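Dear colleague,

I am passing on the structure we spoke of, and I would be glad if you could look through it beside the notes below.

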Amino acid sequence: MASLTSSEWRVLCEKYQRSVTLSEIESKKDPENDPFRSKYNARELLKQIKSSLGQYAGENETEQGENGQQQAEKELQVEQQIATGGDSPAGLSAARLGVIEYQLGVNHTETEELSAGEEHLMNCIRLMDKYEVTQENISLFIQSRNQIGVLWAGRGEIETAQGFLESAEALYNRYMKEDGKPPMDPNEYFMAEEDKLTEQDRTKRFEKAYTYTLYYLAQVYKNLEQNDKAGLYCHTTLQRQLEFNNFAPLEWAVNAATLSQYYITKSCYMEGRHCLAAASVVVGLAGEVPSVAAAKESETESEKREKLCQRKAEIARCWIKYCLNLINDAKKMLEDNIGELDADRQAEMKVRRRQEEEEKEKGRKTVVLFGSSDTSDSILSMEEKVSCTYPLDFNEARAIFLVGQNYVNEAKEYFQIDGHATDHIEVVQDHSALFKALAFFEDDYERCCKMHKRRIDMLEPICKDLNPQYYLLISRQLQFEVAETYYEMMDLKIAVADKQEELEAHTIRKINHLTMSSIKYYELFLDSLKTPDKKFPDKLEEDVLRPAIVAKFRIARLYSRIITADSNKQIENISQSLEYYRFVVDYCTRNQDAKKAVETELELSEEMASLLPLRLERLRAKLTSVN
Amino acid sequence: MKKDRLEVLGYETATTGFLSVAYKKDSSTSEDFLEVDQEHQARFSLGALSNLAKGRQGGEDSAVTVAIRVRPLNSREQKMKAKTVVSVSGQETTVHPPHSQQKFSFSFDFSFWSCDAQDGCYASQETVYESLARPLLDKVFQGYNACLFAYGQTGSGKSYTMMGYNEDAGIIPRFCEEIFLKAAEVKEDNVTCHIEMSYFEVYNEKLHDLLTSDKEKNKTKKTALRIREHPELGPYVAGLSAYVVGSFADVQAWLELGNKQRATAATGMNDKSSRSHSVFAMVATQTKRETSDGESLTHTMRSHVNLVDLAGSERSSSAQTSGMRLKEGASINRSLMTLGKVISALSEATQSKKKPFIPYRDSLLTWLLKESLGGNSKTAMLATVSPAAVNLEETLSTLRYAKQARSIINVAKVNEDSNTRIIRELKAEIEKLRAFQRCSQGTDLMKFDSSLHEILSLKQKLLEQEKKLTEAQQEWKENLARAEQCKLEEARELQKASVSFKVDNRLPNLVNLNEDPQLSEMLLYIIKEGQTKVGRHMVDSEYGIQLTGALIADSHCLITNEQGTVTLTPAADAETYVNGDLVSEPVTLHHGDRVILGRDHYFRFNHPVEVQNGRRASEGPVACKEMLQDFEFAKNELVESQKQRIEAEIEEARLQAQQEMMQELQTARDLAQRELSAQRCLYEEQIRELQREMEDELSMKQELLSKEMEQKRHKHLGKLLLTEPSAQELEESQLRHHRFMEALQLEKEKLAQEMAQVQQARLSREEERKSAARQGTVP
């Protein structure tokens with residue numbers, strides 16, 4: 001085997017370093033009409049190095065050019081030959097070639113020549129597989145697998161990608177267990193001894209490569225719909241970014257906040273809270289928000305301000321969802337079959353919680369915890385500000401509600417109605433939902449009623465101002481919610497009145513006002529379904545079918561609940577009620593497929609439609625007899 | 001050299017997998033791929049739309065129409081003799097990969113075949129316009145928003161379809177031309193139509209106005225515009241120019257300017273045009289002037305139209321693509337910068353009902369169009385594909401995407417509260433109304449009204465009773481039969497007391513009644529021809545019927561049977577009651593009469609001969625009670641006549657009567673109805689009598705009759721409602737019996753011409769009703 005002279009070697013090293021610089025730094029400045037210029041230049045240099053290496057590589061003198069694949073196959077046949085130590089001279093020369101093949105592979109994939117990229121990467125993997133894993137080559141083992149994994153995923157061959165990436169993961173774990181010394185970076189094969197990296201740098205690069213392995217695996221699992229695994233790998237990726245200080249605070253924080261939403265949908269509130277607390281702490285690392293004055297001065301400051309404010313507001317919104325879902329989940333557990341607080345369940349849950357507290361502590365230790373030396377404590381103290389266990393009584397619910405409400409105010413500062421109409425309204429809807437959830441825990445009807453009144457106060461003005469031409473769907477949601485809230489208030493007022501001996505005139509007026517307001521908003525909702533020529537559609541779209549029928553059904557009910565001593569008005573109200581019940585019955589007769597969506601409502605409407613005529617008649621008879 | 005590589009690169013991206021390998025083997029032909037190079041590379045961000053909503057089903061009336069158009073082979077493909085792998089039949093588009101038996105079929109609202117102009121099925125620009133875009137135009141004039149997307153690989157005929165060339169005008173020019181024609185049409189209906197247009201492109205998530213004049217030419221970068229949302233004015237692009245256009249020519253001029261701008265911007269930029277979306281937006285404001293009552297009213301309707309030429313669909317795997325989130329894309333994002341996208345996608349993917357907040361911003365375009373993609377808008381999507389084998393992969397991916405296109409529609413669902421409470425309340429109300437309906441009608445205080453209802457309810461109950469009566473008769477017959485089978489072992493014991501077992505069908509008899517229904521009707525005393533003495537049980541007594549008990553006199557009474565006529569003669573001082581009345585003189589017994597001896601011996605008198613012969617009409621009232629000739633009735637009767645009223649006992653008796661009735665109902669439902677017709681005549685006669693009385697009394701025959709008709713209807717209804725068996729039903733039926741007992745009571749008293757008592761009963765019932773009414777919201 002001929003060997004390189006040290007000057008020849010130095011030339012090769014310089015070429016290599018140049019190619020790295022071209023590929024990683026200069027390529028970013030490539031013009032848009034020639035985006036891969038530097039990459040192609042880097043590729044040229046790599047090819048030159050490869051051919052030089054080939055010349056000196058003794059029996060490996062066969063051409064390594066375009067016929068690489070055949071070459072690789074030949075090598076495969078002799079694969080069993082040896083498993084030499086990676087630090088042997090043969091191992092070293094193979095590793096050097098491997099690095100070049102690896103770089104060529106990456107270069108081709110980055111310039112979107114996948115097949116060529118695959119060839120080079122496979123060459124690298126085959127070359128290296130003949131040697132034992134060492135501190136020098138482990139990084140190359142892992143990085144080549146990362147790259148080929150990504151490549152296969154790009155072709156939609158997820159299982160193939162998974163195979164390579166999981167083997168990279170296994171290699172890392174084995175190495176860390178058996179050796180664990182900071183390994184050499186592949187680039188160091190082409191570095192002079194004096195330029196070699198410090199252990200610290202080595203660790204950083206090596207761990208970064210492994211972080212990518214995990215990140216790619218997260219995506220692989222996501223694509224394979226193994227969401228739990230994907231979530232865990234995302235979580236670990238985030239943690240490693242933080243741990244090895246490889247992150248942009250703003251992005252990291254938003255990502256952690258987004259991950260919290262994943263946990264919330266799975267009712268994992270401890271993990272969700274942890275993500276959010278970390279997000280809130282890390283977003284603080286992104287620096288101060290430029291003042292309004294500074295933003296006016298410079299465009300960059302203005303953009304920075306905009307971005308920071310937006311991200312913070314978004315994290316606040318994630319917190320709102322956390323609080324809201326936590327209370328709502330508790331509500332679902334505690335409610336009886338008519339949606340009221342079930343005291344037995346409540347007591348039972350309280351007992352169970354005491355028993356579970358110990359297990360929770362244990363559970364906490366299994367969660368991947370975010371943190372670095374300077375963030376762990378802050379994250380912990382952030383977490384302590386809000387509970388992650390289901391609230392079981394009003395006071396517990398109220399504590400969570402208040403945290404949520406603070407975030408509502410924070411989010412609204414950025415998401416103002418003018419300019420961010422949809423976001424603003426969504427925040428207000430959440431605020432209203434928070435009140436609604438809290439009201440469930442309140443057993444005093446009057447106070448409950450006041451909470452619903454707050455909802456009306458925040459929803460009604462928006463509902464009035466919003467132009468349904470542009471915000472049709474959100475308008476409908478608002479109309480429906482306002483109608484329901486009035487209904488709720490009317491119910492509560494009646495419940496309060498029932499306890500009193502006599503109904504006072506102003507109470508009756510109040511109840512009737514609530515009833516009429518509820519009807520009004522249901523009608524507004526129904527109006528929004530009309531065709532441009534103001535006709536109610538013969539056939540409702542599937543997404544509005546149930547809400548529309550329910551609105552009709554509720555209006556029917558509302559009309560019969562208007563309190564009046566005037567028989568004529570009574571007759572009028574009952575007739576209205578009858579008409580709406582009949583609508584429900586008639587609609588379902590005309591559209592048989594609607595039946596299953598509104599089964600119970602239909603059944604009741606049918607009965608009411610058959611019973612109410614009699615009542616009407618009696619009222620009329622009474623009226624005639626009086627006259 | 002460098003240039004050559006670029007071409008190779010172009011090819012590589014336009015194809016994937018085995019196709020690129022095939023190219024490798026034939027690398028000398030790289031010149032041929034120059035054309036490909038020119039049309040390669042695009043950015044794709046429609047995928048983001050799919051995140052707006054999921055799972056919306058299409059249908060006849062769907063808000064989305066999806067169409068596919070297959071372009072002809074281009075000159076290069078023809079030169080290469082490229083194989084056509086796509087075919088169209090009806091709504092179906094089928095892909096046949098070469099060297100494979102496999103076929104992929106997709107069904108769309110329209111599948112346009114524009115491959116061969118000679119073909120009879122050839123879909124021209126006009127065909128495409130008329131099928132896809134014209135319906136949208138019609139919707140615009142109805143006040144809907146309209147949106148049309150063209151999607152597909154660069155070079156698959158997207159721009160041709162949207163813009164077209166010269167006489168082969170595409171959708172946009174045709175649409176504009178027609179919108180003005182239509183505007184002129186509606187003018188005749190006093191509608192003025194005012195149209196504004198904008199034209200912009202979205203490139204790299206930056207929005208650029210294509211219609212601003214180049215005032216800022218010195219600026220190297222065009223300022224990106226921001227989308228904002230105003231509550232009243234809707235989403236808008238701040239600073240985007242919008243021009244009022246009065247004619248098609250105006251639009252053409254602006255379009256030309258815009259396209260020029262687009263072309264200029266694209267020069268020197270690597271495929272910028274195919275990587276950007278262009279949006280041609282119009283706002284049509286229709287103002288209708290109407291004069292009513294001398295007042296002039298204006299009604300304004302505004303519709304938004306967005307015609308979108310999306311960036312090329314190829315290279316969807318490219319990681320740099322901004323805003324790209326194609327659902328089926330399996331590619332891996334390389335850079336950790338994209339971790340956010342991965343996490344967002346993960347958070348969105350959960351099957352939970354909860355709606356989390358995902359901070360990830362949808363692509364600019366998606367965001368801008370989100371409202372016009374849902375609600376009151378109509379959307380059409382046209383996917384263009386190439387028929388050539390070389391584009392197979394991309395064609396398949398486009399078709400797959402288009403198949404999901406319906407899911408792009410924005411569905412912000414209305415969430416309703418649970419209805420459980422309302423349902424519960426309503427159920428209670430329905431029960432109340434039903435009960436109300438069944439009980440005698442009306443809470444009115446007016447005498448007329450209440451009397452009227454009295455009759456009506458009586459009549460209704462009569463019908464119900466007829467049925468039960470039949471059943472009761474049957475019951476009685478069954479009891480007779482049962483008695484015949486009485487146990488012989490007990491016979492000897494009881495013979496001493498003259499209790500008979502062998503029943504002579506023709507002979508009249510007395511049957512015992514007991515508080516315990518199981519003991520009731522167990523003892524049968526035959527009244528033979530001649531005299532039967534009744535007295536205290538004593539050894540060697542010669543009495544025909546021997547009884548025990550403190551109140552039984554040694555010789556209590558005498559029963560004589562003379563040719564079927566049975567007469568009871570009580571002895572002095574021996575308490576004997578017939579039908580509740582204390583008797584001191586001989587009385588003739590009739591079938592069904594209750595005989596009570598010494599207060600605790602209850603009997604019912606049966607006379608088979610009388611039953612067989614049928615009864616005269618005058619015996620009706622008696623027969624009416626026949627069904628109730630049980631112990632309770634007899635006892636009740638006794639109490640009734642002895643004392644005026646012992647409330648508690650009546651109540652108890654009634655409850656037991658109800659139980660009895662339930663049993664009767666169950667056992668004797670579908671048996672003989674022989675007696676029914678006679679009964680009906682009887683009752684109708686009675687009712688007529690009652691009516692007549694009422695009529696005379698109130699001289700309001702007319703109203704009576706009409707109400708009666710109405711009543712019949714409800715009665716029918718009420719019966720229908722009774723067919724559901726449930727726990728509640730049981731309670732109801734008890735309630736019914738309760739009412740029924742009252743009605744009978746009433747009737748009896750009426751027959752005795754005791755109107756005063758009628759009214760008293762009614763008053764007490766009204767009390768009940770009032771309290772029932774007070775419980776609920778029924779006024």
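The notes that follow begin with conventions, then turn to chain B, its sheet and one of its loops, and end with chain A.

This is a predicted model, in which local features need pLDDT of at least 70 and side-chain atom pairs count only at pLDDT 80 or more, while totals for chains, interfaces and linings use all residues. Residues are numbered from 1 along each chain as its sequence is written, chains are lettered from A and ligands numbered from 1 in the order in which they are written, and side-chain values use heavy atoms, with hydrogens and water left out.

Chain B contains 23 helices and 27 strands, these being DSSP runs numbered from the N terminus (helices H or I, at least four residues; strands E, at least two). Among its 779 residues, 52% are buried, where buried means under 20% relative accessible area, exposed over 50% and partly exposed in between, with a 1.4 Å probe and protein chains only. Its accessible surface is about 37200 Å², and carbon and sulfur atoms hold 51% of that; the areas come from the Shrake-Rupley method with a 1.4 Å probe, and for residues only the protein chains shown count as cover. Of the contacts in chain B (heavy atoms within 4.5 Å) with a separation of 6 or more, 67% link residues 24 or more positions apart.

An open sheet in chain B has six strands in the order β18-β17-β27-β26-β23-β24, with antiparallel pairing; two strands pair if DSSP finds at least two bridges between them. The edges are β18 (524-526) and β24 (581-582), each with a single partner strand, so one side of each has no neighbour in the sheet. Strand β27 (residues 601-606) has six of its six residues buried, so the rest of the structure largely encloses it. B:His601, B:Phe603 and B:Phe605 point one way from this strand, whereas B:Tyr602, B:Arg604 and B:Asn606 point the other way. Five antiparallel bridges pair β17 (residues 509-513) with β27(B), and four join β26 (residues 594-597) to β27(B), also antiparallel. B:Arg604 stands opposite B:Val511 and also opposite B:Arg594. The hairpin of β26(B) and β27(B) has three residues between the strands, and B:Gly598 there takes a positive phi near 55 degrees.

Elsewhere in chain B, B:Leu211 lies in the loop between β10 (206-209) and β11 (226-230), and is buried with a relative accessible area of 1%.

Beyond its neighbours within four places in sequence, A:Phe190 contacts residues including A:Trp9, A:Ile49 and A:Leu53, and both A:Ile49 and A:Leu53 are buried in α2(A).

With best wishes
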